[in-house]
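Student: I am new to this structure, and I would like to go through the terms used for it one at a time. Could you show it first?

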Amino acid sequence: MSIADYKHYQHAHCESGVTANLLRHEGVDISEPLAFGIGAGMFFGHLPFLKVSGTPGTTFRTWPGAIFKRATQRLGITMHTQRFPNPEKAMRTLDDVLATGKPVGMLSSVYYLPYLPEAFRFHFNAHNLVVYGKENGEYYVSDPVLEQTTRIAPEDLAKARFAKGAPEPKGFMYYVKSVPKEIHFEKAIQSGIKQTCFFMLSPPIPWFGNKAIFLLANKIQQYPKKLTPRKASLYLGNIIRMQEEIGTGGAGFRFLYAAFLQEAANILKRDDLQEFSHELTLIGDDWRNFAYNAARVMKDRKEGMVSFDELADMLRICGEKEKDFFKRMQKLKW
Amino acid sequence: MKTNEVPQDPKNFREGDKVNKLLYAVDKDGNYTGVTSAGWEAENFATKQAWDAVDEELAHTAEQVKRGALSPIAYYMHKCLMEPSLLAKYVGKWTWQVKRHMKKENFEKLSADMLARYAKAFNISVEELTSFGK
């Protein structure tokens, strides 16, 4: 393969985007929503005790690496994955694989990617990207959240692949080894949906799944009593960023998942999934409405407790609707 | 969200307007499609606020370093958006040791090798590190 053979597509989210780009390169006709849904990417979690740069952690997606792993396994695609003890070995192996013409996916830290605008460069170590060639001492990068491909110097890439912190990428890289002659999407879609329902509804602890939405609502209600206005504003801001900032496709992956359900409906020829997709779009709009109002509360800190109560109620409505949504989707007959 | 509702509010700080991200929205026939977005007011506000908090903290630390209450390590750590636990991993020390080095009197006793390790973690020269605040 020469560098010109690789086709870059922009996607909303890095992990499902890299999965889709790598598989498309091998001739698999798969979109980002399909990769995201089959990989059961949608989730919710709120961990008040786990502080990320001083604010409690909130997530709208499953843990890093899971989407890619589940999606490829469910489609019967064999991947090669590898971690490395040191940068020298990691970069040498990358060069060897690139020489055989394979584009390679890898984990990196956003902070050490000079091609990204400063506004996005925090210490986040689970960003996925594809390197698809090397020429004149520079690597060609297909970063799925960008419109165009870009290039990176070897020193920078090595730094990004060996960033410290939690989780440590340790040069983690992966590429497609073999693709079956025929790919059966039906079964993969089914197990993806079942798993998402399971993870949203079943965790018996308050920090994960649907229950965590209510936990977050309760916490928000306490913000004005327990925190300084500045802290409360920063905490709210962090929720908005997790929900809307680059990589979620809008409304904390809810729109991306609704797009998946629509595509699944077309593949499986099922109208009920079409209905579910439409319903989730409306729930996504509720989430966006919550974010919009949270930003309003942040701007005008004087408003006091009433607004925080209202915000909490908005979240509870999202939570109730999603609970009902997943309960019904779980009962689907296949 | 419908395609015509996709917000286009540029993120005009720290080069944020250089990237248009992809959102998923419903077109007039009810089909999902990807639409690029310059950004959204609510989200821009939240991101800007987080950066402002970083700047405030940094200005506060710089002032403390100049006053002699903290060592330059504290300043550059904030500048690189790190926390003591993360910095400790980069320089191969325990978190409590890094916290110790953030005190001025302990910083002055650091070996050349240790200073070089800190400078490397911050991507600056040893001179820049030791001369800050003087």
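Tutor: Five residues of domain 1 of chain A are in contact with five residues of domain 2 of chain A, where contact means that the C-beta atoms of two residues, placed from the backbone, lie within 7 Å. By class, the side of domain 1 of chain A that touches domain 2 of chain A has four nonpolar residues, one polar residue and no charged ones; Ala, Val, Leu, Ile, Met, Phe, Trp, Tyr, Cys and Pro count as nonpolar, Asp, Glu, Lys and Arg as charged, and the others, Gly among them, as polar. This is a predicted model, in which local features need pLDDT of at least 70 and side-chain atom pairs count only at pLDDT 80 or more, while totals for chains, interfaces and linings use all residues. Residues are numbered from 1 along each chain as its sequence is written, and chains are lettered from A and ligands numbered from 1 in the order in which they are written.

Student: What makes α8(A) roughly antiparallel to α10(A)?

Tutor: Helix α8 (residues 229-244) of chain A and helix α10 (residues 271-299) of chain A pack at an angle of about 150°, with their axes 10 Å apart. Angles under 35 degrees count as roughly parallel, over 145 as roughly antiparallel, 65 to 115 as roughly perpendicular and the rest as oblique, so α8(A) is roughly antiparallel to α10(A). The axes are lines fitted to C-alpha atoms, for helices over the stretch in contact, and the angles run from 0 to 180 degrees between N-to-C directions; helices (H or I, at least four residues) and strands (E, at least two) are DSSP runs, numbered from the N terminus.

Student: Which class does the angle between α8(A) and α1(B) fall into, and why?

Tutor: Helix α1 (residues 41-67) of chain B packs with α8(A) at an angle of about 130°, with the axes 9 Å apart, and this makes α8(A) oblique to α1(B). In this contact, residues of α8(A) including S233(A), G237(A) and I240(A) meet residues of α1(B), among them A46(B), A50(B) and A53(B). The residues of the contact divide into six nonpolar, four polar and three charged.

Student: How many residues does each chain give to the contact between chain A and chain B?

Tutor: Chain A gives 39 residues and chain B gives 32. On the side of chain A, α10(A) gives the most, with nine residues.

Student: Why is Q73(A) called partly exposed?

Tutor: A residue is buried if 20 or more other C-beta atoms, placed from the backbone, lie within 10 Å of its own, exposed if 12 or fewer, and partly exposed in between. Q73(A), which sits in helix α3 (residues 66-74) of chain A, has 15 C-beta neighbours inside 10 Å and therefore counts as partly exposed.
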